[in-house]
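Okay, thanks everyone, let's get going.

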Amino acid sequence: MTERAASRTAILVCQGRAVADGRLGVGRFADPIAVELLLDAEREIVERVRGGLVPKPVGARIEYELLTATSEVLAARTVAIDDAVREAGNPQLVILGAGLDARAWRMPELADTAVFEVDHPASQAEKRERLGERKALAAVRFVPVDFGTDSLGAALTAAGHDESRPTTWIWEGVVPYLTPAEVGETVTEVAKRSAPGSRLITTYPTPNRLYHYGRRVMELLLSLTGRTNPMAREPQRSSWTPDTMAAVLTARGFTVTGDRDMIGVALDSGVAGKRESFLSTGRLLVADRH
């Protein structure tokens, strides 16, 4: 993540949602705000993918395929996460590593929810600039946190988070970029602030040598063709089996109530994915605090 700009993966995620809007999981997935948060140059490839204009040059074709696959993953997991948020119905929602997430601007169910968006100060400043004067549907509180130096708990307290009330936590697309120790530290802090009835929704990567080999090849080809690698500054630092992830959560007082692979999530979400290699490495987990 750069000091003065949103992370490239945050932009890729937003582009993926923009590609999927109105095309994938129709009737269950919708994110019309996503395209509005993109700059003109970032929208160009979105329009090409939505129009099915497959480029011939190798670098451009890799970018096209990456965004197409990303749109399938994002549509599937967004439906599942949104459903889990609605089901919990908690008065507080904390989004860890919010990036360009638009839930507070597109989900009317959050109208009476206090939404806390936690992210790096630089990324958060850019998001607020991209939002402009758009009004959220929920009461949004931006919580700037540099995880390398700042205390998550102290920042949330200062923002008005009430640890005595149930909270739903969204931890989407962040775990891969953390070490096992950092994952454990974050879950410990989340558990401290989770009253009974709280829910943690997270996505995490599973060990998959074929996927990692494919990712390295893709990154090499992007470099050789002079294209931007959106994941260059955010290498994957951990992967988990369902058992090891469950152990981290149960040791801190959470009960895993659902843990599905992304292929199953896509099927349940009504997203007909064509690039299962991107779906095969991830899982979506829901854990509750009783």
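I'll start with the overall layout, then go to the sheet, one of the helices, and finally the salt bridges.

One thing before anything else: this is a predicted model. The chain has 290 residues, and 52% of them count as buried. For secondary structure, we get 11 helices and seven strands. If you take contacts between residues at least 6 apart in sequence, 76% of them join residues at least 24 apart.

So, the sheet. What is the order of the seven strands? Reading across, you go S3-S2-S1-S4-S5-S7-S6, in an open sheet with mixed pairing. At the edges you have S3, residues 139-144, and S6. Each of those has a single partner strand, so one side of each is left without a neighbour in the sheet. Going from neighbour to neighbour, the strands are turned by 15 degrees on average, ignoring direction.

If you want a landmark, find Ile95, which stands opposite Ile170 in S4.

Now slide over to S7, residues 282-288. How many of its residues are buried? Seven of seven, so to speak: the strand is mostly covered. As a reminder, side chains in a regular strand alternate between the two faces of the sheet. In S7, Gly282, Leu284, Val286 and Asp288 point one way, while Arg283, Leu285 and Ala287 point the other way, and all are buried.

What sits on either hand of S7? S5, residues 199-205, runs antiparallel to S7 and is joined to it by seven bridges. Leu200 is the residue that stands opposite Ala287 there. S6, residues 255-261, is also antiparallel to S7, with six bridges joining the two. In that pairing, look for Thr255 opposite Asp288. And lying across S5, S6 and S7 you'll see helix H9, residues 242-250, which runs at about 25 degrees to S7.

Okay, on to H10, residues 262-269. The N-terminal end of H10 is capped by Asp261, with a side-chain oxygen 3.0 Å from the backbone nitrogen of Ile263. After H10 comes Gly270, which has a positive phi, near 75 degrees. Within the helix, the buried residues include Met262, Gly264, Val265, Ala266 and Ser269.

Which way does H3 cross H10? The axes of H3, residues 58-88, and H10 come within 8 Å and cross at roughly 75 degrees. That makes H3 roughly perpendicular to H10. From H3, the contact uses Val73, Ala76, Arg77, Val79 and Ala80, and from H10 it uses Met262, Val265, Ala266 and Ser269.

Last topic, the salt bridges. How many does a search of the whole structure find? The count is 21.

Take Asp31 and Arg106, whose side chains meet at 3.8 Å, N to O. This pair links distant parts of the chain: Asp31 is in the loop between H1 (8-20) and H2 (40-50), Arg106 is in H4 (residues 103-106), and they're 75 residues apart. Both Asp31 and Arg106 are buried.

Next, Glu117 and Lys127, which form a salt bridge at 2.7 Å, N to O. Buried or exposed? Glu117 is buried, at 1% relative accessibility, and Lys127 is buried with a relative accessible area of 1%.

There's also a network to point out. Salt bridges with shared partners join Arg17, Asp31, Arg77, Asp82, Asp101, Arg103, Arg106 and Glu172.

Arg43 and Asp40 form a salt bridge, with the closest N and O atoms 3.1 Å apart. Both are in H2, three residues apart, about one turn of the helix. Asp40 counts as exposed, at 59% relative accessibility, and Arg43 is partly exposed, at 27%.

That's my tour, so over to you for discussion.

Technical notes: Residues are numbered from 1 along each chain as its sequence is written. This is a predicted model: local features need pLDDT of at least 70, side-chain atom pairs count only at pLDDT 80 or more; totals for chains, interfaces and linings use all residues. Side-chain values use heavy atoms; hydrogens and water are left out. A salt bridge is a side-chain nitrogen of Lys or Arg within 4 Å of a carboxyl oxygen of Asp or Glu. Helices (H or I, at least four residues) and strands (E, at least two) are DSSP runs, numbered from the N terminus. Buried means under 20% relative accessible area, exposed over 50%, partly exposed in between (1.4 Å probe, protein chains only). Two strands pair if DSSP finds at least two bridges between them. A polar contact is a pair of N or O atoms within 3.5 Å; within protein, one must be able to donate a hydrogen and the other to accept it, and residues adjacent in sequence count only if both atoms are side-chain atoms. Axes are lines fitted to C-alpha atoms, for helices over the stretch in contact, and angles run from 0 to 180 degrees between N-to-C directions. Angles under 35 degrees count as roughly parallel, over 145 as roughly antiparallel, 65 to 115 as roughly perpendicular and the rest as oblique. Contact means heavy atoms within 4.5 Å.
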